[in-house]
Each structure stands twice: as structure tokens, then as C-alpha cells.
Amino acid sequence: MENNKPKAGSLQIILIILTAALVIVTVIFFVQKKKNKDMISKLQEYSNMVEEKKDSLENELNNIIVKYDSLMTDNDSINGMLVAQQDKIKRLLSLRVSDADKIKKYENELGTIRDVLRSYIVQIDSLNTRNQILVAENKQLKNKNVESENKNQQLQAEKEQLTNIKNTATTLVAANLAAVPINKRGKEKDKSDKIDKIRVDFVVRANAVAEAGPKVIYLRIVRPDSIALGATDAGVISVGDQQIPFSASREINYENKDVPVSIYWANNGDLISGNYRVELYAEGKKIGNSEFSIK
């Protein structure tokens, strides 16, 4: 019995040691488990932060692409640079960013893109300001041109009006116009077979503003069928933009005073019965008209 007591004490010591070891292992297990759980939680938080940061950067890059679209101008050079920056952003968006280092590079690229965007905005604002100034100057110049054109048109109208007034004022006037068919003895006749000549009497009235000097008066006698009576020495005269035939003519010396005039047309056998129209022209303008009849 005495020999068994030491063995029992040794066994107890072993059990105590094993129990203590188990306790220590258990404590270590739970401590390590808690550390692993905390680490997993921190890794999850880090992953979430990286993902949120990535999403935020991608959203900002997408917004910058839209801003670049709104900055498109009429300047081909700037438009080319804007498109190049948009392509660069699209390449960034196509990358798979999943760690902090790549996120940092992503942020650096984004910072560069922001700086470029700001510089383009400044350039475009400057161009827009300059363009507005040029548009205003162009509008002002157009207004001046319109004003100058209107003034020139007004001056031209006034000039034409003065010219018309002058032409009207200087136009000769034939008054007391009378056409008298006569026979060979100068007696008035109204039958076509008795008429030798048609005498047209009139007075060129005095006109102080008309130019003095030789004046040619043209006589035009128009038959009832609208055919002008002609003569061997007659031709055509310019009246406005027309060339019209005349029947006879006479040159007078005009001295700005009344000048009695008679012009004769010799019957060439073209007379017919009816109402005739008599017209007088000088210097390309009609100066008088009348009518007469032949039986």
C-alpha cells in the first residue's frame, strides 16, 4: 500500500498539468479566434472602403465625361483635346481597380484630369468672352454698315429726286398745239384726197432754267390704226428705253423765250380716214400732244 501512494501523487500532478495546458490552449484558441474575427472585420471594412472609393472615383470620372461633352465648341483644336481627355477617362474606367495602391494611382490620374478640365474651362471661357466681343463688334460694324447704306440710299433717292425735279424743270413745253391738214394752196382741208400736207403749229414756252441753244423738235403723227406716218428723211428717236419712229423734225434756236414753231409733214399717200394723234418730242422727252380728224 505504501508503494502505491507516490504513483497516485504523480498521476495527480500529470492531470493538473494537462488541465492547465488545456486551459491555456483553450484561452489561446479563443483569443486567436477573436483576433481572426477582428481582422476579417477590418478586412471587410477596408474592402468596402476601397469599393466605395472606386465607385466615387468612377462616378466623378463619368461626370467629367459629361462636362467635356458640354464644353464642345466651334474650335476644332480644343474639341480634339477634349475628345482625347474623354478617351483617357474611358480607358481609366475600363481598368479593374481593387487595391489601395491602384486606387491611389486612380486618384492621381483623376487629379490630373481635374486640372486639365479647369484649364480647358478657362480657355473656353476666354474664347467665349473673346467671341462675344467679336460678335458685338461685328454687330456694331453691321449696324454702321446698315446705317451707312441707308444714308447712301437716302442720298441716292434725294439725288434722283433732285434729278427728276431738274429734268422736269428743264423740260421744254409745247403749248397751243394744233394740227392743220392743208392743200397745195395752204387752205385747210379735212378730206384725205385733198390734203397735201399736215401743218403742226405750237409754241415752245419760255423756260429760264432750260439750257439755251439749238433744239431739235420731233413730230410724230400716228394714224387711227396706230401706225406712225413716215417720211423719206425721218428715222427713230430714243425716248426712255424705247426707239420710236418720227414723222418729221425741225431745229430751232432756243433762247429761253417763247418760240412759235410750225412743222410740216408732206402727204405720201398713207392718210386714211379717222382720228389722228400728234406727239412732239425734244431731248428724249414728250413735250406736247394733240389730236385731229380726217374724213
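Two strands count as paired when DSSP finds at least two bridges between them. Keep that in mind as you explore this predicted model.

**Stop one: strands 1 and 2.** Select residues 174-182, which form strand 1, together with strand 2. The two run antiparallel and are joined by seven bridges. To see one of these links, highlight V180: its bridge partner in strand 2 is R199.

Now select residues 197-204, the whole of strand 2. Is this strand mostly covered or mostly open? Six of its eight residues are buried, so it is mostly covered. For an example, pick D201, whose bridge partner in strand 7 is S262.

**Stop three: V203.** Stay in strand 2 and click on V203. Its relative accessible area is 18%, and V203 counts as buried because the cut-off is under 20%. Which residues does V203 touch, leaving aside those up to four places away in sequence? They are V173, A174, A175, N176, D258, V259 and P260.

With a relative accessible area of 46%, I14 is partly exposed. Select L11, L15 and L18 along with I14, and you have a nonpolar surface patch of about 400 Å².

Conventions:
Residues numbered from 1 in each chain as written. Predicted model: local features only at pLDDT ≥ 70, side-chain atom pairs only at ≥ 80, totals over all residues. Heavy atoms only, no water. Buried < 20%, exposed > 50% of the residue type's maximum accessible area, 1.4 Å probe, protein only. Helix = DSSP H or I, 4+ residues; strand = E, 2+ residues; numbered from the N terminus. Patch = residues over 30% accessible without salt bridge, like charges linked within 9 Å, V, L, I, M, F, W, Y side chains within 5 Å. Areas by Shrake-Rupley, 256 points an atom, 1.4 Å probe, with all protein chains shown as cover. Salt bridge = Lys/Arg side-chain N within 4 Å of Asp/Glu carboxyl O. Contact = heavy atoms within 4.5 Å.
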